[in-house]
Amino acid sequence: MSKTKQTLIYILQRLALMVLTFLVIFFICFALVRMLPVNPGQGMNDPETFWKMMVNQGRYRKVGNEYVAIPVLEQLGTFLKQLFDPTFKGSRLGYAYHVSGYWLESPASVLFSKMPPTILINIYSVIFSVPLGIGIGIFMALKKNKWEDTVLSILIMVTISVPSFVYAFMLQYLFAYVWQILPAQTASASAGWLSGEMFKSMLLPVLSMSFGSIAGYARYTRAELTEVLTSDFMLLARTKGLTRTQATVRHAFRNSLVPIFPMLLGEIISVLSGSLIIENIFGVNGVGAVYLNAITTRDYDVFQFVSMFYISIGLIGTLVVDISYGLVDPRIRMGSSK
Amino acid sequence: MNKKSAAILLVSATTLIGLASCGPSSNNNNLHTYNTYLSTSPTNWNVHNWQTADESYVQSFTEIGFYDTVLNDARDGYDFVTEMASAFPEMVAPGDLSDEEVNAFYSEAGNADEKMVWDIKLNKDAVWEDGTPIKAADYVQSMQLQLDPDYANYRADSYYNGNLVIANAEKIYKSGRQTIEAAYGHLNNKGNVPNDSGIYYINLGRDTAYVSNIFGEDASSSSFYTLLNQRASKGSDAMELAAKRITNGFANMLMIKFKQGKLKFTSEDKPEDWEKVSKPSDVKSDWMNYNIDLTEFDNEEVMTVKTNSDDWSESNRTRYTMAALKKDLSTFVAAMNRGEGSTASYNWKLPLFTLITNDDFEGQMGLKAIDDYTLRLYLAKQISSLDLRFALSSNWLVKTDLYEKLTSQSAGGGLQTKYASNAVENYMSYGPYKLTYFEAGKEIKMEKNEKWYGYKDGKHTFTVHNSNSKFNGKTIDEFQMDVIDTKIIQTHETAVAEFEAGRLDDIDLNVNDMKKYGQSGRRSTTYESYTQKISLNSDFEKLASRQSGSINKTILANADFRKGLSLAINRNEFAAQATAGSKASTNLLNDLYLANNATGESYRSTKQGKTVYGSVYNHLGGSSIDEESGAALAEDKNGFNATLAAQYLAKGLKTELESTRAGSISKGQSIELDFPVYDEKSANTIAADTLINASWTAAITKANAILVSEGVLGAGDPGFSIKTKMIQDQDYYTSAKNGAYEMIFSIWGGAAINPYGLMEVYAKTTFESTCEYGFKGHQGSTYLTFDYDEDGTEEKKSFNDWYEMMANTLVEGDYEDAVKAGGAKLAEWSKIHEQKLNILSHVEAGILNRFEAIPLVARGTSSLRSFKIENATDTYVSLIGYGGIRKMTFEYDDGAWSDLVKSYNGNLSTAYAGAGAED
């Protein structure tokens with residue numbers, strides 16, 4: 001069997017596994033959410049309209065004067081039917097009864113409308129943390145076991161141990177209230193997503209989110225690079241006449257990137273996810289708030305949609321990372337052959 | 001990384017930082033911007049549908065009523081002004097109606113009564129923010145949308161369920177729809193409701209005409225639960241048992257429905273509350289607004305109690321079927337023997353509700369455009385000119401073409417509109433401000449609506465009377481504010497920090513903030529009509545039955561001792577340490593209660609209201625005289641006098657020690673008071689309990705010293721001690737009702753426009769929930785003597801009789817009619833008014849002098865305002881607050897404010913904390 005074919009089969013297997021995992025999680029989530037008590041008093045003008053919607057969506061049926069919940073499996077069947085029925089009118093994914101500005105908006109449009117600030121903050125965070133984290137890691141590896149390495153290692157351990165919301169409050173207090181250099185809250189959309197005002201207002205949440213990543217990259221890079229630097233081929237590279245810098249950049253760093261690169265891919269995919277706490281502290285009008293609101297206001301359809309959306313992101317991220325190992329380093333063989 | 005890549009990265013980073021440092025500034029230095037915040041974002045602001053306070057936030061700036069209340073010149077009440085109307089309502093005499101009008105709206109009665117048809121002349125200068133004139137037809141079309149049954153708009157009942165009842169409004173709104181209505185009033189003499197479905201519902205939490213018919217229109221609650229609860233112990237054994245069985249059975253049904261996931265939950269009941277319910281008596285009265293089909297009692301395994309108690313043990317439970325429920329309902333209603341049909345065989349239906357299919361209604365709506373600028377209101381119920389102005393201080397006007405354009409089919413049938421939700425383009429303003437930015441969850445911005453008539457008509461000016469304002473003495477325009485920028489800030493600490501940094505102009509304070517800002521002159525309080533009191537059990541027999549061993553409780557039956565307890569509490573300290581914004585109070589009725597609804601005159605500012613403190617505390621708190629010795633004492637305020645407190649405690653202890661009555665206190669005993677509280681872990685409750693214990697312990701230590709000095713206690717005798725014992729009891733009012741307590745915090749309040757009615761809870765013998773157990777039931781045999789009619793002769797009546805006289809017998813009539821008539825009619829109105837106030841003040845003082853109800857604070861919430869702005873008055877005025885945005889003055893424009901903040905290095909917290917009180 002050719003290597004390409006083997007790789008394709010592996011990817012297909014992983015895709016199938018991903019879909020299966022998604023469906024299992026989806027079913028568990030669906031069943032649990034549909035078993036929760038509904039709230040006809042919420043969002044609607046009168047409970048009767050709410051119940052009619054429940055009937056239309058195949059969740060309840062009217063027996064006498066009572067509305068009785070339909071068994072979950074039957075509800076699942078109706079849901080899937082409505083999801084793929086091109087003639088179905090209405091929101092296939094249910095409705096946002098409370099979180100939405102409109103009363104009966106689709107959970108998807110609620111979520112996607114809140115995406116821009118979250119994505120932007122995460123992109124800034126990646127831009128900021130990746131070079132800095134890798135740079136610090138290289139520096140530490142080169143200064144291995146010297147005082148610089150020890151000091152940075154201690155700082156990194158402290159940074160990793162402290163949760164990000166602690167930095168968030170600390171940074172907000174110092175930068176926004178003591179020194180008054182940066183705003184405490186992110187700007188509203190009217191400023192323009194790519195404006196300087198927006199960027200400036202996002203610096204604090206970006207920094208708060210970046211500390212952990214910087215420490216993570218630095219630690220990982222240091223470990224990988226240290227290992228590579230002590231390899232035999234590095235000795236060979238030096239003996240063939242390369243300078244220490246040439247050997248480090250051309251041979252050591254490139255090799256150490258093999259395990260780091262997939263981490264970067266995972267990070268890029270996760271820019272879609274928000275941080276509940278950081279968004280709350282800095283007033284970021286992003287997806288974190290939607291998720292939190294969906295839970296506190298018992299907006300089940302939104303909760304389920306957002307949950308499944310992030311589960312998809314997580315699954316796709318893991319798949320891409322796994323596949324990328326093989327693409328980045330041809331020595332890694334994907335799939336097994338007998 | 002090669003040099004090229006590094007260069008690109010460097011350029012990108014430089015560009016971004018450059019952008020950051022030269023971001024556009026949205027501030028215009030000459031503007032007056034008011035920066036404020038909300039902790040939760042509204043999702044809509046549609047005047048036809050709003051439900052929460054947040055949802056009425058935007059329209060409070062962008063819309064305005066026909067009439068409005070404004071601070072009066074004396075700055076102690078309010079006046080009505082015209083806004084969207086050009087004149088006050090003009091009554092149309094029934095004789096002036098055309099046959100067509102009579103046939104359309106009053107055919108059954110033959111004609112309208114007086115005060116049922118009113119003309120409203122509209123303000124011809126009123127326009128939408130785009131300049132389109134607002135005409136009478138706009139109001140009519142808006143009301144048609146408000147009442148349209150397809151929209152099922154939430155606020156429709158404002159036009160048929162209160163004082164303002166527009167003819168046919170309810171029929172139009174319910175046209176063709178099935179609604180659940182109170183059976184009472186719909187039942188015919190055969191016990192049937194025409195067009196009913198044959199399905200009857202029991203709902204203990206919803207108001208029904210059956211109960212209001214028994215209690216009267218002024219009752220605070222007309223739910224069947226209230227009737228069952230209050231009347232249960234006043235009837236026969238059979239009636240009591242029936243009431244208990246109905247209440248427990250219904251509550252058990254709700255417990256079952258909760259487990260089935262069929263409760264809707266409201267702001268009053270939440271799933272987490274229901275999770276804690278283990279027995280029917282755990283179900284609060286506020287959680288009972290559910291319609292339960294009677295046949296459900298046969299379908300579910302509902303249980304109720306066998307005996308007249310809330311005992312939910314296995315042995316006291318029995319199955320509760322529909323037949324058993326009907327029988328109990330019948331027993332209770334027959335025993336009440338009130339209301340039409342109460343003795344008939346179908347009487348069990350009277351307190352119930354039934355599903356009615358409303359007829360399709362084709363008739364006319366009682367609102368018409370007489371011409372382009374005149375509206376005629378045809379009402380189904382009489383209304384005074386004053387009440388009509390109150391009712392029309394809000395509005396129903398919407399931009400109908402936009403409203404309909406944004407309408408779509410609802411997934412549950414019917415229609416829904418996106419008008420006034422989510423985006424600026426979904427809305428049209430017509431008030432002093434227009435909405436210019438709306439980002440749900442982030443920011444709402446409103447700016448001056450230059451098209452608003454009020455900026456040009458010369459009528460919207462006022463003279464500033466505030467020595468802290470740079471405008472003091474000058475006449476300036478109302479609505480100085482140019483921009484209202486509202487941020488959504490969920491974290492309280494962030495909001496406080498933003499305020500301290502000068503980026504917000506107001507902040508709500510919590511109990512922790514009060515430590516820093518409690519004494520700030522920038523603090524103002526918005527009061528509620530509730531007084532928080534300690535209610536004591538003073539019934540000797542009951543207290544004796546609750547004590548044992550070395551614990552004494554009967555000392556509370558001694559009036560001097562209770563007086564000592566009251567004097568020992570520093571109410572200012574209590575308000576500062578145990579509440580966030582409440583104000584020390586020695587009164588049962590706070591500043592919000594109105595003596596005259598028409599003028600806004602506060603009861604506390606009347607000469608009668610002012611006498612109460614003197615009648616109770618003249619020689620107590622605030623006195624400089626030692627009542628016992630005549631020696632001078634340090635002056636204290638608000639009913640607090642530690643020295644006198646000790647003297648009164650010692651006096652009470654001495655009397656009781658000398659008493660031979662079984663159960664009286666004896667040497668060596670300690671006083672322990674059971675203190676049922678709603679939540680013993682609440683920070684406020686713990687702070688309150690700690691402060692009370694510390695105050696009483698300090699006072700009783702001093703009292704012990706007095707007793708030793710008087711030889712009542714020997715030097716070696718142990719002194720008395722006092723402590724409270726908090727007990728978690730979420731139904732502590734019921735515990736108090738039954739005397740199962742020594743002290744509770746009782747919090748009563750009512751409609752600010754009816755101070756007389758609130759006295760029912762203290763003075764009426766038959767009121768079941770009176771919290772002062774020793775006084776409860778004795779109001780009819782405890783007397784007060786005073787000269788209520790100022791004829792030189794004192795009259796003696798019981799508390800109950802004085803209450804009945806002022807609340808029910810003495811009726812002043814309509815103030816404005818009296819003023820219009822003048823002469824003898826006005827003199828008669830004033831005479832009765834003064835009599836009522838005389839009685840009210842004496843009854844209030846009489847209750848306070850018993851020291852069973854010991855007021856601590858008038859409840860309120862505190863906020864700080866920035867140095868940027870000044871309110872029109874420092875006195876809180878009912879309905880107006882401190883003058884509102886209409887009369888707020890801006891002491892700094894945005895540029896000057898920015899300079900001021902910089903001069904404080906961006907941190908105004910010290911300045912706010914140390915800001916002196918204003919005049």
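Residues are numbered from 1 along each chain as its sequence is written, while chains are lettered from A and ligands numbered from 1 in the order in which they are written. Because the model is predicted, local features need pLDDT of at least 70 and side-chain atom pairs count only at pLDDT 80 or more, whereas totals for chains, interfaces and linings use all residues.

A nonpolar core is here a set of buried Ala, Val, Leu, Ile, Met, Phe, Trp, Tyr and Cys residues joined through C-beta atoms within 7 Å; a residue is buried if 20 or more other C-beta atoms lie within 10 Å of its own, exposed if 12 or fewer, and partly exposed in between, with C-beta atoms placed from the backbone. The largest nonpolar core has 168 residues, of which Ile166(B), Leu649(B), Leu653(B) and Val843(B) touch the most other members. Leaving aside neighbours within four places in sequence, Leu649(B) is in contact (C-beta atoms, placed from the backbone, within 7 Å) with Phe561(B), Gly564(B), Ala699(B), Ile700(B) and Ala703(B). Apart from this core lies another, of 54 residues, which includes Leu120(A), Ala187(A), Ala215(A) and Phe282(A).

Helix α21 (residues 683-709) of chain B packs in turn with helix α18 (residues 571-578) of chain B at an angle of about 150°, their axes being 9 Å apart; axes are lines fitted to C-alpha atoms, for helices over the stretch in contact, and angles run from 0 to 180 degrees between N-to-C directions. The two helices are therefore roughly antiparallel to each other, a term for angles over 145 degrees. Their crossing is right-handed, as the near helix is turned clockwise from the far one by less than a right angle, anticlockwise being left-handed. Glu573(B), Phe574(B), Gln577(B) and Ala578(B) of α18(B) meet Asn684(B), Ala687(B), Ala688(B) and Leu691(B) of α21(B).

A second pair is formed by helix α25 (residues 799-809) and helix α27 (residues 823-848) of chain B, whose axes come within 9 Å and cross at roughly 150°. These helices too are therefore roughly antiparallel to each other, but the crossing of α25(B) and α27(B) is left-handed. On the side of α25(B) the contact is made by Phe799(B), Trp802(B), Tyr803(B), Met805(B) and Met806(B), and on that of α27(B) by Lys836(B), Ile839(B), Leu840(B), Val843(B) and Gly846(B).

Two asparagines have a backbone feature to look for. Asn422(B), in the loop between β15 (415-417) and β16 (433-439) of chain B, has a positive phi of about 70° although it is not a glycine, and with 21 other C-beta atoms within 10 Å it is buried. Asn905(B), in the loop between α28 (894-903) and α29 (909-914) of chain B, has a positive phi near 55°, yet this residue is exposed, with 9 other C-beta atoms within 10 Å.

In chain A, Met157(A) lies in helix α6 (residues 147-161) and counts as exposed, with 12 C-beta neighbours inside 10 Å. Met157(A) and Arg219(A) are 62 residues apart in sequence and 8.9 Å apart in space, C-alpha to C-alpha.

Key. Contact = placed C-beta atoms within 7 Å. Helix = DSSP H or I, 4+ residues; strand = E, 2+ residues; numbered from the N terminus. Parallel < 35°, antiparallel > 145°, perpendicular 65-115°, else oblique.
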